[in-house]
Amino acid sequence: MTEAVTSPDPLAEMEQDKARAYNQGLTPLHPPQKSLIRLNIIVLAAILIVAAIVVEFAIRNELPGIGGMIIGPVTAIMLFLIILLPGRIYRRWGYNMGDEQLRVLRGFMWRTDTIVPFNRIQHIDVAQGPFQRAFGLSALIVHTAGTHNSIVALPGLSTPDAEVMRDTIKGHIRQDMI
């Protein structure tokens, strides 16, 4: 009996290739991160649309001719952001974990390239919120000595990858202490 070979999703591979090219060959975030970003934007959009509805109903007696003048544009902008923004945010994150450092590149207009040497790390967290847990994602949070950029967060990692990265960094920290 032959088993069906499942090929990876070509659209997800294309998106990861775009992210890798944009981020100087660094590893892109886990593909479900794009869906998580979209879900977060949808929650924000729902709150803003409800606020627009409340404002429109509050002023409808004062200005009776403006039916839909607030809700319409807010809804259009939110739909535009829900469709456009997740892909752009996803492509603007990349990371690389070398032998002695973690590099995190992020940002759209203001790019931030953070390099954290393992010997500067104080402790490491792997965090998950309820939405992240639903998508099988985690965030690796690295705390370093100092005040400026003392916390470096890397969201959008698969939970096993985040745990392996944490354990690898922890191993390097132990070696440095000996």
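Modeller: Let's begin with a word we'll need: a residue is called buried when its relative accessible area is under 20%. Keep in mind, too, that this is a predicted model. Now take Gly94, which sits in strand β1. Its relative accessibility is 0%, so Gly94 counts as buried. Setting aside neighbours within four places in sequence, Gly94 is in contact with Asn23, Leu26 and Thr27, and also with Arg103, Val104 and Leu105.

Still, α3 bends by about 35° at Leu85, with a proline, Pro86, following within four residues. Pro86 is also one of the buried residues of α3, along with Met78, Ile82, Gly87, Tyr90 and Arg91.

Back to β1 and its sheet. Three strands make an open, antiparallel sheet here, in the order β1-β2-β3. At the edges are β1 (94-97) and β3 (112-117), each pairing on one side only. From one strand to the next, the twist averages 10°. Strand β2 covers residues 101-106 and pairs with β3 in the antiparallel sense over six bridges. As an example of who faces whom, Arg106 stands opposite Thr112 in β3.

There's another sheet to look at. Again three strands form an open sheet with antiparallel pairing, this time in the order β4-β5-β6. Its edge strands, β4 (121-127) and β6, each pair on one side only. Neighbouring strands in this sheet are turned by 20° against each other on average, direction ignored. Six bridges hold the antiparallel pairing of β4 and β5, and His143 in β5 is the bridge partner of His123.

With a relative accessible area of 15%, His143 is buried, because the cut-off is under 20%. Its side chain makes a polar contact of 2.9 Å with the side chain of Asp125. Beyond its neighbours within four places in sequence, His143 touches Arg120, Ile121, Gln122, His123, Asp125, Ser150 and Ile151.

Then there's Thr144, also in strand β5, which spans residues 137-144. Thr144 is buried at a relative accessible area of 13%. Not counting residues up to four places away in sequence, Thr144 touches Val116, Arg120, Ile121, Gln122, Asn149 and Ser150.

Finally, what packs against this second sheet? The buried residues of helix α2 pack against β5 and β6 (151-158), as well as α3 and α4 (130-135). Those buried residues are Gln33, Leu36, Ile37, Ile41, Ala45, Ala52 and Glu56. Helix α2 runs over residues 32-59, and its 28 residues should span 40 Å at 1.5 Å a residue; the end C-alpha atoms are 41 Å apart, so the two agree.

Note on methods
Residues numbered from 1 in each chain as written. Predicted model: local features only at pLDDT ≥ 70, side-chain atom pairs only at ≥ 80, totals over all residues. Heavy atoms only, no water. Helix = DSSP H or I, 4+ residues; strand = E, 2+ residues; numbered from the N terminus. Buried < 20%, exposed > 50% of the residue type's maximum accessible area, 1.4 Å probe, protein only. Contact = heavy atoms within 4.5 Å. Pairing = 2+ DSSP bridges. Axes fitted to C-alpha atoms, helices over the stretch in contact; angles between N-to-C directions. Polar contact = N/O pair within 3.5 Å; in protein donor to acceptor, adjacent residues only side chain to side chain. Bend = angle between axes of the 7 residues up to and from the residue. Expected span 1.5 Å × (residues − 1).
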